[in-house]
Amino acid sequence: MKKTATNFNLLVIIMSDLSRHLFLIILFFFVLGSALAVIISAHQNRQLNIAHEQLIQEKDALDIEWRHLIIEQSALTEHNLIERAVNDKLGMRRPTREDEVLLRVK
Amino acid sequence: MTVTATIQKPRKRPSKKGQAKRKVVPSFVQWRFVVVLVVVLAVFAALASRAAYIQVIQPDYLIEHGDNRTIRVRDIPSYRGQISDRNGQSLAVSVPAQAIYADPKRISENNGFADMRLWQALAEVLDTNVDDLVARVDNPKNRFIYLQRQVTPAMASYVKKLKIPGVYLRNEAKRYYPAGEVSAHVIGFTDVDDVGLEGIERLYNQWLTGTPDKRKIRRDAKNRQVEIMEQEAGKKAKDVSLTIDQRIQALAYREIKEATVLYQAASASVIIVDVHTGDILAMANTPSYNPNNRSTVSSYRVRNRAITDAYEPGSALKPMAIIAALENGSFQADSTIDTSPGWKRLGGSRIEDSRNYGEISITEVIKFSSNMGTSAMALSMPKEVLIDFYYNMGLMSDTGINMVGESDGIFHERPRWSDHEISSLSFGYNISVTTAQLARMYATIANGGMKRPLNIVQNMTPTLEPERVMSEETAHAVLMMMETVTQDGGSGTSAAVPGYRVAGKTGTSRKADVGGYGEAYVNIFAGIAPVSDPQIAVVVLINEPAGDLYYAGETAAPVFSKIVSNTMQMLNVPPDAMTVDIVLESQLHASR
């Protein structure tokens, strides 16, 4: 029986074994990578969803505020109200025919 | 570890020399190994079977419970569309409000009446008696009772803070009408459930109503939405843009409101129509109501009289007889008619003018509003021909607005018309028309004889096509004749508008009563402005003036004048009865 120099260094054995199945190792890392990618994308998806929901709520709040502002604006700018305020407070009146000068530019 | 320790117990007696150095060979104890193996396997088997049980046999139950804690359906409320005027000013807006409701079953389950102070507080904020309130909800068989609809956010948050078990809030919408009574008749209103009941709200109910977006979502422990599972887009509520110009509408309403009080009238209506498009710029009635608070409004105030109420228009219809006579060729624009002696008998009934005008031109027939004159013209052609003109003018049909409650007027087609009936038709009796129909007739004259449907909503396909009902020459001739009405000596001088040429016709008619015509009057002034390039047709109708003034020339005509004067300014129409100073552009800049 020929005596061979057996190397019992564990690290070397592992490395040599790994080098023989390089393809499997690459696959293994791909699996790990894709798993991580799934986790990251799921997380990002959730974050986007949360942000989206917040924006919708913000939009709703703004919409409601807008509606209230429209009512406020319309109530404050009611034409007869303004007409009265302008007459009473500012002493303004509609121009009569005598006030009007009609010009035609040539 | 303990196992190996027991195994390592020495078997052989140790020798005296080198006790510690002796190597002990561990022996294998079969039964211990088996026990350990079985225990370990049993633990794994138990775990695996439990996992299998959860995953395979009973997953539904757990999934359901998980979903119950995380899945929610959220509605994005859809508010009713807005109604705005032609310039985009909002006339009807929905805002969120809340309804307070009670679930009597929950109240009794959770011992809701334990703290009566809460109910006392609730009754106070709802403005009711606490005993009545409790009596309403004290029946565990009921599941849903509205306590109050459309409460303000402040009140809703107060009720929420009371935390009465079984009393909850529900989202809904409240509709506000910023223009209030000014446009109440046109816009109409909705009930508490957001269903349109009157006016545009009813006509465009489907269009204005949307359905909420529904989303099925998954939320996390912090109540954040992390996943949208299903999404169902609702029907979006659409807006309605009216042809009404709110500035004109406001001034028109103010004027007829003042007139109603001044002339002690039962009601009044006004319509302003853009003659080129048929757009209704203003449509107002008195008495009106506040659409934001209808709790005390009687139904007679809600009626849009301008389209629902038909009256015999009296002399305001006289241009029809002239149009028919001119179109038929039985009279020319420069013909004269002998109206002396100012009265005549037709089939036992008397037709008369207010005085004997003698031989007058057709223009003067309109100017003085001569019954004798129009009677002669109406009788100058076959009766069917005359009546066909009335039909073609749209006086017996709808105006095209399609609004709820619109009347087509009242006209009884008879197989045989007596001469007296035809004569009366020529000065506006035996036919009843609405203010809107009359406005359409005047708009047609102003538009050079092209009859257009009236419309009140922008960008809607018209229901009727424009149609020529008289020649342009006839329309122009009648317009010129009607201008004399507002000039010196005419019957409607107070309708004159400073700076503008206006044409029009007064109409004072007695209202038919049981057994004849009574002492109640309808005053109408229908007119067109400006004459040189007609833009608007305006009809002012004052119903049953009870004061000293009851002639249209004294009531409706001045109101017409004020409304047209202001409307011309609003629409920026250049005055056509003023001298125009011609300046060169260079002069204009130099003077700045």
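1. B:Tyr289 touches B:Glu181, B:Ala184, B:Arg294, B:Val297, B:Arg301 and B:Val302, leaving aside residues up to four places away in sequence. Here, "touching" or "in contact" means that the C-beta atoms of two residues, placed from the backbone, lie within 7 Å. You will find B:Tyr289 in the loop between β10 (280-286) and α12 (299-302) of chain B. Its C-alpha atom is separated by 8.4 Å from that of B:His185, although B:Tyr289 and B:His185 are 104 residues apart along the chain. B:Tyr289 counts as partly exposed because 19 other C-beta atoms lie within 10 Å. The scale for this: a residue is buried if 20 or more other C-beta atoms lie within 10 Å of its own, exposed if 12 or fewer, and partly exposed in between, with C-beta atoms placed from the backbone.

2. Before going on, a word about what you are looking at. This is a predicted model, in which local features need pLDDT of at least 70 and side-chain atom pairs count only at pLDDT 80 or more, while totals for chains, interfaces and linings use all residues. Residues are numbered from 1 along each chain as its sequence is written, and chains are lettered from A and ligands numbered from 1 in the order in which they are written. Helices (H or I, at least four residues) and strands (E, at least two) are DSSP runs, numbered from the N terminus.

3. Now for the meeting of the two chains. On the side of chain A, 24 residues are in contact with 32 residues of chain B. The elements of chain A that give two or more residues to this side are α2 (22-76), α3 (79-88) and β1 (102-105). The largest share, 11 residues, comes from α2(A). By class, the chain A side divides into nine nonpolar, six polar and nine charged residues. For these classes, Ala, Val, Leu, Ile, Met, Phe, Trp, Tyr, Cys and Pro count as nonpolar, Asp, Glu, Lys and Arg as charged, and the others, Gly among them, as polar.

4. β1(A) and strand β23 (residues 580-583) of chain B run parallel and are joined by four bridges. Two strands count as paired if DSSP finds at least two bridges between them. A:Val105 stands opposite B:Val583 in β23(B).

5. How do helices α14 and α17 of chain B cross? The axes of α14(B) (residues 318-328) and α17(B) (residues 383-392) come within 10 Å and cross at roughly 120°. That makes α14(B) oblique to α17(B). Angles under 35 degrees count as roughly parallel, over 145 as roughly antiparallel, 65 to 115 as roughly perpendicular and the rest as oblique. Axes are lines fitted to C-alpha atoms, for helices over the stretch in contact, and angles run from 0 to 180 degrees between N-to-C directions. From α14(B), the contact uses B:Met320, B:Ile323, B:Ala324, B:Glu327 and B:Asn328, and from α17(B) it uses B:Val385, B:Leu386, B:Phe389 and B:Tyr390. Sorted by class, this contact has seven nonpolar, one polar and one charged residues.

6. Chain B has an open sheet of three strands in the order β11-β17-β16, with antiparallel pairing. β11 (310-311) and β16 (410-411) of chain B stand at the edges with a single partner strand each, so one side of each is left without a neighbour in the sheet. β11(B) pairs with β17(B) (residues 431-434) over two bridges, and B:Ala310 stands opposite B:Thr434 in β17(B).

7. A hairpin comes next. β20(B) (residues 503-513) and β21(B) (residues 516-529) pair in the antiparallel sense over 10 bridges. B:Gly507 has B:Ile524 of β21(B) as its bridge partner. Two residues lie between the strands of the hairpin, and B:Gly515 takes a positive phi near 75°.

8. Some backbone details are worth checking. Most residues other than glycine have a negative phi, and most peptide bonds are trans. The bond from B:Ser340 to B:Pro341 is cis, with omega near 10°, and B:Pro341 lies in the loop between β12 (336-338) and β13 (343-346) of chain B. A cis bond also joins B:Ala529 and B:Pro530, with omega about -20°.

9. Finally, compare two residues with positive phi. Phi is near 50° for B:Lys163 and about 55° for B:Ser369. B:Lys163 is exposed, with 9 C-beta neighbours inside 10 Å, whereas B:Ser369 is buried, with 27 other C-beta atoms within 10 Å.
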